[in-house]
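Subject: Structure handover

Hi there,

Here is the structure I promised to pass on to you. Could you load it next to this email while you read?

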Amino acid sequence: MDWPASVALAQSVPELPTGTDWSYEVKLDGHRMIMWRTDDGVRLQARSGRDVTAVWGDLALAGHHLPAGTVLDGEAVITTEDGRISFEAVQARAASSPTRAHRLASQRPAHYIAFDALQLPSGDIRPRPYSERRAALLNLLAELPANTPIQAVSATTDRDTALTWYNTLHHQGCFRTTAVSRRGRES
């Protein structure tokens, strides 16, 4: 996979899709980020393609637990004292100098919520169906230390659960539910 990676973007729909081919994920209000675990270290890429490793050093450090050759797609989030996700804190970190970002990270560490595995040490897995990539992501993350800030996004295949998330979690910094075709990240 070549740097920078292009990422699929969610598209707004008037209501959650119905049918057996859908999985639903919580959409978090954070900073979209690709995590690259290379042979030499960890690089973090913003959706724009910019290298943002310097301001998300706490996440880069956590990424060292991933096997070399892993590329994940996810969201950097920061929570407040009451456990809500703070988009303002994420924006402040993203716009910081490396020195200020380090200070902010010591006050409010970030979490990386992964929603897709793009590459494993065995190679590019983007052509695989969502269900296979999701299983690979969960298996990969299960091998990380228990206290890691790298976690999988909550997902369900139950539409009623997704509707409950949609109607209740927006107060926690989750601003919508994403529907994912089991064939690929289409919506």
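This is a predicted model: local features need pLDDT of at least 70, side-chain atom pairs count only at pLDDT 80 or more; totals for chains, interfaces and linings use all residues.

Below are my notes on the strands, the helices and the charged pairs.

First, the ground rules. Residues are numbered from 1 along each chain as its sequence is written, and side-chain values use heavy atoms, with hydrogens and water left out.

**Strands**

Helices (H or I, at least four residues) and strands (E, at least two) are DSSP runs, numbered from the N terminus. I call a residue buried under 20% relative accessible area, exposed over 50%, and partly exposed in between, using a 1.4 Å probe and protein chains only. Two strands pair if DSSP finds at least two bridges between them.

Nine of its nine residues are buried, so strand 4 is largely enclosed by the rest of the structure. With strand 2 (residues 31-37), strand 4 pairs in the antiparallel sense over seven bridges.

Which residues of strand 2 are buried on each face? On one side they are His31, Met33, Met35 and Arg37, and on the other Arg32, Ile34 and Trp36. Strand 2 is also joined to strand 3 (residues 42-46) by five bridges, and the two run antiparallel. They form a hairpin with four residues between them, and Arg37 stands opposite Val42 of strand 3.

**Helices**

In helix 3 (residues 98-107), the buried residues are Ala101, Leu104 and Ala105. They cover an arc of only 105° around the axis (taken from the directions from the helix axis to the C-beta atoms), which puts them on the same side of helix 3. Their cover includes helix 1 (57-63) and helix 2 (87-94), where contact means heavy atoms within 4.5 Å. Turned away from that buried side is a face with the exposed residues Thr99, His102, Ser106 and Gln107.

Helix 4 (residues 130-142) has 13 residues and reaches 18 Å from its first C-alpha to its last, close to the 18 Å expected at 1.5 Å a residue; the expected span is 1.5 Å times one less than the number of residues. Its buried residues are Tyr130, Arg133, Arg134, Ala136, Leu137, Leu140 and Leu141. They cover an arc of only 165° around the axis, which puts them on the same side of helix 4. On the other side of helix 4, Asn139 and Ala142 are exposed.

**Salt bridges**

Side chains of opposite charge can pair when their charged atoms come close. A salt bridge here is a side-chain nitrogen of Lys or Arg within 4 Å of a carboxyl oxygen of Asp or Glu, and a search of the whole structure finds eight.

- Glu75 and Lys27 meet at 3.5 Å, N to O. The pair links distant parts of the chain, Glu75 in strand 4 and Lys27 in strand 1 (residues 22-28), 48 residues apart. Both Glu75 and Lys27 are buried.
- Asp58 and Arg93 have their closest N and O atoms 2.8 Å apart. Asp58 lies in helix 1 and Arg93 in helix 2, so the pair ties together parts that are 35 residues apart in sequence. Asp58 is partly exposed at 22% relative accessible area, whereas Arg93 is buried at 1%.
- Asp82 and Arg84 have their closest N and O atoms 3.4 Å apart. Asp82 is exposed, at 56% relative accessible area, and Arg84 is partly exposed, at 38%.

Happy browsing!
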